[in-house]
Amino acid sequence: MAPGDAEDSRVVRFVLDGRVVSVRNPAPDMTLMSYLRLDCGRTGTKEGCAEGDCGACTVVVGELQGERIAWRAINSCIRFLPTLDGREVVTVESLKAGDGALHPVQQAMVDCHGSQCGFCTPGFVMSLFGLYLNAERPSRPEVLDALAGNLCRCTGYRPIVDAARRAAEAPAPARWNRADAQSVERRERLASLRRGHSLAYPGFHAPRSLDELAAAYEENPESLVLAGATDIGLWVTKQMRHLPPLIYIGEVAELQAIREADGALRIGAAAPLTDAWAAIVARWPALAELANRFAAPPIRNSGTLCGNLANGSPIGDSMPALIALGAKVELRRGARRRTLALEDLYLGYQKKAFEPGEFLEAVAIPLPRPGLKLASYKVSKRFDQDISAVCSAYTVELAGGNVVSARIAHGGMAAIPQRAPRAEAALTGKPWTMATIEAAAAALAEDYRPIGDMRATAGYRTLVAQNLLRRFFHEQAGAVTRVHAVAAE
């Protein structure tokens, strides 16, 4: 690395309102929201919950991907500033034109009376702006999903939903229209920020290659591997923890790849949840509702699927479905790689099978095969933005009316995401009947010893798990009946 490169490696650069902002040696755990409010005076970005739930801090970030810029809403309260290197940041102040004219999403909020006290309004505007750039005529479900991460305690949501539809129908503004968001000038500006070397300064290292990442973590195993910070961010904002040196994986191109290989869908560790779930649902449509209920778009836009797996929370909603599908994780330490079944990664509460200096490189999910039945259900107090009381997943293969194989996994039922071996055994080799299901439901009570907490009692969790198994049976039986009825017609 040349001397000039060494100096440049300490400077975080991003675009804000058409100009490149350079920040030298920012604190590795400084949040984007703190920088915008304290250093830029952009107080439209509000702190509400400081954990990515309320959406008051929402901004939109642009990242050059090939020949286009991907624009996505994120929670700035838990996104660390150094991870914005090479990107463009748009705040609510960015939308107002020089002549004072409001952007269509802002004007629509005024016209539809979508704001009352105003605290949450900038966050709603930015979520609507992200939707405006990505959907010309959004449907009502698309609007509701885009706003799932924004909370308002004053108006109710109908006028805000109305504002989204009105903004889509408004004439294109002079700036921040869809063409302007993809302009050659904007793309060239972002391209000029691409680094030929890593961003690295005390406490923060963003390797540019997989080999560099592996070498850095093997040499410094006390470091913390950082992906989207949707969990680690809370260690700072809620627990006030001092973090060890961070190794950020978001600049490693190999880890952003999603591809099919060797009969599996392989998702790299840095691929955002938004992209990962889209790829999964394209192959397993039965998981569409689970994907839609997995956090809100700003969290899915920052967080990663592999980060969720590596975190290993007993209530992480992605693990049961992937365990039921037989997913495997690819681990790397230095030059050495190994593969584990996903369920074998979890040894106990917050205990994983990682060796010092070893990180999760990718997850490989077997591709669909004929005859495999799949479902996953999430039970929580709210539809959006809520932690599961129970999350269940099932795969079964049938032949001649008998169960050839079965895999059942749950979150929320144990200290780790865990399979149900007794229930699986009660199904395997047995007729696909209600009597078999009842035997498996009884076995579930022996597979788990759930705790009671603020989300559910232990008894409720057990009953729900049993009823979800019954639901799976009835839905699959109904699907078979419908297929036969269509064939008969």
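Modeller: What follows is a set of questions and answers about this model, which is predicted.

Biologist: How many disulfides does the structure hold?

Modeller: A disulfide is a covalent bond between the sulfur atoms of two cysteines, and here a pair counts when the two sulfur atoms lie within 2.5 Å. The sulfur of Cys 154 has its closest cysteine sulfur in Cys 117 at 3.7 Å, which is too far for a bond, and the sulfur of Cys 40 is 15 Å from its closest one, in Cys 57, which is also too far. The number of disulfides in the structure is zero.

Biologist: Is Glu 343 buried or exposed?

Modeller: Glu 343 sits in the loop between strand 13 (336-341) and strand 14 (346-348), and, leaving aside neighbours within four places in sequence, it is in contact with Ile 323, Arg 407 and Arg 419. Its relative accessible area is 18%, and a residue under 20% is called buried. Glu 343 is therefore, by that cut-off, buried.

Biologist: Which residue of strand 9 is the bridge partner of Phe 204?

Modeller: Strand 7 (residues 204-206) and strand 9 (residues 246-248) run parallel and are joined by two bridges. In strand 9, the residue that partners Phe 204 is Leu 246.

Biologist: Which helices do the buried residues of helix 6 pack against?

Modeller: Helix 6 (residues 158-169) has twelve residues and reaches 17 Å from its first C-alpha to its last, close to the 16 Å expected. Its buried residues include Pro 159, Ile 160, Val 161 and Ala 163. These buried residues pack against helix 3 (104-111), helix 4 (121-134) and helix 5 (140-146).

Biologist: How many residues does the largest nonpolar core have?

Modeller: In soluble globular proteins, nonpolar side chains tend to be buried together. Among the residues with the most contacts inside this core is Ile 280, which touches Leu 265, Ile 267, Leu 287, Leu 305, Leu 322 and Ile 365, not counting residues up to four places away in sequence. A second, separate core of 36 residues includes Val 60 and Val 161, whereas the number of residues in the largest core is 57.

Conventions. Residues numbered from 1 in each chain as written. Predicted model: local features only at pLDDT ≥ 70, side-chain atom pairs only at ≥ 80, totals over all residues. Heavy atoms only, no water. Helix = DSSP H or I, 4+ residues; strand = E, 2+ residues; numbered from the N terminus. Buried < 20%, exposed > 50% of the residue type's maximum accessible area, 1.4 Å probe, protein only. Contact = heavy atoms within 4.5 Å. Core = buried A, V, L, I, M, F, W, Y, C linked by side-chain atoms within 4.5 Å. Expected span 1.5 Å × (residues − 1). Pairing = 2+ DSSP bridges.
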